[in-house]
Amino acid sequence: MNTRNMILICKALSDTKRLEIVQILSDGEKCGCKILDKFNITQPTLSHHMKILVDCGLVNDRKEGKWHHYSLNKKVIREASSFIEALGR
């Protein structure tokens with residue numbers, strides 16, 4: 001993982017709602033409507049947060065009909081974790 005990608009991930013996770021979304025997705029794929037039910041935000045606001053998480057690679061987006069289903073990109077999470085771990089060496 002390069003430094004630029006790590007910066008995007010850190011920026012994405014610096015927002016409380018986005019960090020909560022990642023925690024919600026930690027137990028498996030969720031429909032956007034299920035994520036929206038957990039927050040007191042509008043659908044456009046959720047879409048904004050999800051775009052940031054998808055664009056930095058932390059979250060996968062799969063469209064089924066009119067619904068978006070989101071899951072964690074575990075490969076990117078492992079790479080980010082390895083990047084941070086290497087800083088401590």
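Guide: Contact here means heavy atoms within 4.5 Å. This is a predicted model, in which local features need pLDDT of at least 70 and side-chain atom pairs count only at pLDDT 80 or more, while totals for chains, interfaces and linings use all residues. Residues are numbered from 1 along each chain as its sequence is written, and side-chain values use heavy atoms, with hydrogens and water left out.

Visitor: Which residues does Lys-30 touch, not counting residues up to four places away in sequence?

Guide: Lys-30 touches Ile-24, Leu-25, Ile-35, His-68, His-69 and Tyr-70. Lys-30 itself lies in strand β1 (residues 30-31). Helices (H or I, at least four residues) and strands (E, at least two) are DSSP runs, numbered from the N terminus.

Visitor: Why does Lys-30 count as buried?

Guide: Buried means under 20% relative accessible area, exposed over 50%, and partly exposed in between (1.4 Å probe, protein chains only). The relative accessibility of Lys-30 is 18%, so Lys-30 counts as buried.

Visitor: What makes the pairing of Asp-27 and Lys-30 a polar contact?

Guide: A polar contact is a pair of N or O atoms within 3.5 Å; within protein, one must be able to donate a hydrogen and the other to accept it, and residues adjacent in sequence count only if both atoms are side-chain atoms. The side chains of Asp-27 and Lys-30 are joined by such a contact at 2.5 Å.

Visitor: Why is Asp-27 called exposed?

Guide: Its relative accessible area is 62%, and therefore Asp-27 is exposed. Asp-27 is found in the loop between α2 and β1.

Visitor: How do you know whether His-69 and Glu-64 are buried or partly exposed?

Guide: His-69, in strand β3, has 15% relative accessibility and so counts as buried. Glu-64, in strand β2 (residues 59-64), has 44% and therefore counts as partly exposed. Beyond four places in sequence, His-69 touches several residues, including Glu-64, Lys-30 and Cys-31. The side chain of Glu-64 also makes a polar contact of 2.7 Å with that of Arg-62.

Visitor: Why are α1 and α5 described as roughly perpendicular?

Guide: Axes are lines fitted to C-alpha atoms, for helices over the stretch in contact, and angles run from 0 to 180 degrees between N-to-C directions. Angles under 35 degrees count as roughly parallel, over 145 as roughly antiparallel, 65 to 115 as roughly perpendicular and the rest as oblique. The axes of α1 (residues 3-13) and α5 (residues 74-87) cross at roughly 105° and come within 11 Å; the two helices are therefore roughly perpendicular to each other.

Visitor: What angle do α2 and α4 make, and why is it given which name?

Guide: α2 and α4 pack at about 75°, with their axes 10 Å apart, which means that α2 is roughly perpendicular to α4. Among the residues that meet are Ile-21 and Leu-25 in α2 and Leu-46 and Met-50 in α4.

Visitor: What makes a set of residues a nonpolar core, and how many residues has the largest one?

Guide: A nonpolar core is a set of buried Ala, Val, Leu, Ile, Met, Phe, Trp, Tyr and Cys residues joined through side-chain atoms within 4.5 Å. The largest has 19 residues, and those with the most contacts inside it include Ile-21, Leu-25, Ile-35 and Met-50. α2 gives the most to this core, with four residues. Ile-35 is in contact with Ile-21, Leu-25, Lys-30, Leu-46, Met-50 and Tyr-70, leaving aside its neighbours within four places in sequence.
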